[in-house]
Amino acid sequence: DGRADAMIQADPILRDTGMRATMFVIGTSGSGVTFYYESWKRLRRYAESGRWELANHTYGLHRMIDDVKGMPPVSALVHIGESESLSAFEARIGADLVRNQSMLRERTGSRTSAFAYPYGDWGQDARRAGVVEAVRRAVGRHAAIAFDQDRQSGWRYALRQARRLTFYGG
């Protein structure tokens, strides 16, 4: 998310081990001045160190919406307005992803096209038919690879000697 605590704790480990990491940055978080998230200026310094790749985690769609009593909340990425058409929804998501990718490029020099779904939500609890496909199309147009947080028990540590890593993506 571009959180300060993660960067501060992990950066010395990356430096000492010669490893690299990817941080998926929320655009609105880098734009604000908070204790919890790194500023664009600080994110740029991390990227310039060569230890960090900064990637897309939406500009402003990283929040949960609890709109239906008795159902799990959904992320703003997959929340479609009651009267919003699927094509307008898909265009809105695409615009958000482009905005954050542009900010990452302009403010940190990032050229990656990786994406992480906020809260691992790729639409598995979507409220309307067609949402999953619209999200998949929008993300597919703007990212070469996408990650979710499901099935974390199947993940293993990324060690330098590892030849092949397994990634689960939406």
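**Fold and contacts**

Modeller: Among contacts in the protein chain between residues at least 6 apart in sequence, 72% join residues at least 24 apart. Keep in mind that this is a predicted model.

Biologist: Good to know. How many helices and strands are there in the protein chain?
Modeller: The protein chain has 5 helices and 6 strands. Going along the sequence, their pattern is α-β-α-α-β-β-β-α-β-α-β.

Biologist: And what share of the residues is buried?
Modeller: Of the 170 residues in the protein chain, 37% are buried.

Biologist: Let's look at helices. At what angle do α3 and α4 pack?
Modeller: Helix α3, residues 40-48, packs on α4 at about 70 degrees, and their axes are 9 Å apart. That angle is why α3 counts as roughly perpendicular to α4.

Biologist: Is that crossing left-handed or right-handed?
Modeller: The crossing of α3 and α4 is right-handed.

Biologist: Which residues meet there, from α3 and from α4?
Modeller: From α3 you have Trp40, Leu43, Arg44 and Ala47, and they meet Asn100, Met103, Leu104, Glu106, Arg107 and Thr108 of α4. By type, the residues of this contact are 5 nonpolar, 2 polar and 3 charged.

Biologist: I have Leu97 on my list. Where does Leu97 lie?
Modeller: Leu97 is in helix α4, which covers residues 86-108.

Biologist: Buried or exposed, that Leu97?
Modeller: Leu97 is buried, because its relative accessibility is 2% and the cut-off for buried is under 20%.

Biologist: What is Leu97 in contact with, leaving aside neighbours within four places in sequence?
Modeller: With those set aside, Leu97 contacts Asn56, Thr58, Phe115, Ala138, Val139 and His142. As for Leu77, 20 residues away along the chain, its C-alpha atom is separated from that of Leu97 by 9.9 Å.

Biologist: What about the phi of Thr58?
Modeller: Thr58 has a positive phi, about 80 degrees, although it is not a glycine. Most residues other than glycine have a negative phi. Tyr119 is not a glycine either, and its phi is positive at about 60 degrees.

Biologist: Which loop does Tyr119 lie in?
Modeller: Tyr119 is in the loop between β5 (114-116) and α5 (131-142). With 38% relative accessibility, Tyr119 counts as partly exposed.

Biologist: What does Ser75 touch, not counting residues up to four places away in sequence?
Modeller: Tyr119 is one of the residues that Ser75 touches, and Arg63, Met64, Pro118 and Asp121 are the others. Ser75 belongs to strand β4, residues 74-75. Ser75 counts as buried because its relative accessibility is 0%.

Biologist: Changing topic, what about Asp11? Which side chain does the side chain of Asp11 make a polar contact with?
Modeller: The partner is Arg51, and the polar contact between the two side chains is 2.9 Å. Apart from residues up to four places away in sequence, Asp11 touches Tyr46, Ser49, Arg51 and Trp52.

Biologist: And where is Asp11 found?
Modeller: Asp11 is in helix α1, residues 4-17. Its relative accessible area is 11%, so Asp11 is buried.

Technical notes. Residues numbered from 1 in each chain as written. Heavy atoms only, no water. Helix = DSSP H or I, 4+ residues; strand = E, 2+ residues; numbered from the N terminus. Buried < 20%, exposed > 50% of the residue type's maximum accessible area, 1.4 Å probe, protein only. Contact = heavy atoms within 4.5 Å. Axes fitted to C-alpha atoms, helices over the stretch in contact; angles between N-to-C directions. Parallel < 35°, antiparallel > 145°, perpendicular 65-115°, else oblique. Left-handed = near helix turned anticlockwise from the far one by under 90°. Nonpolar A, V, L, I, M, F, W, Y, C, P; charged D, E, K, R; others polar. Polar contact = N/O pair within 3.5 Å; in protein donor to acceptor, adjacent residues only side chain to side chain.
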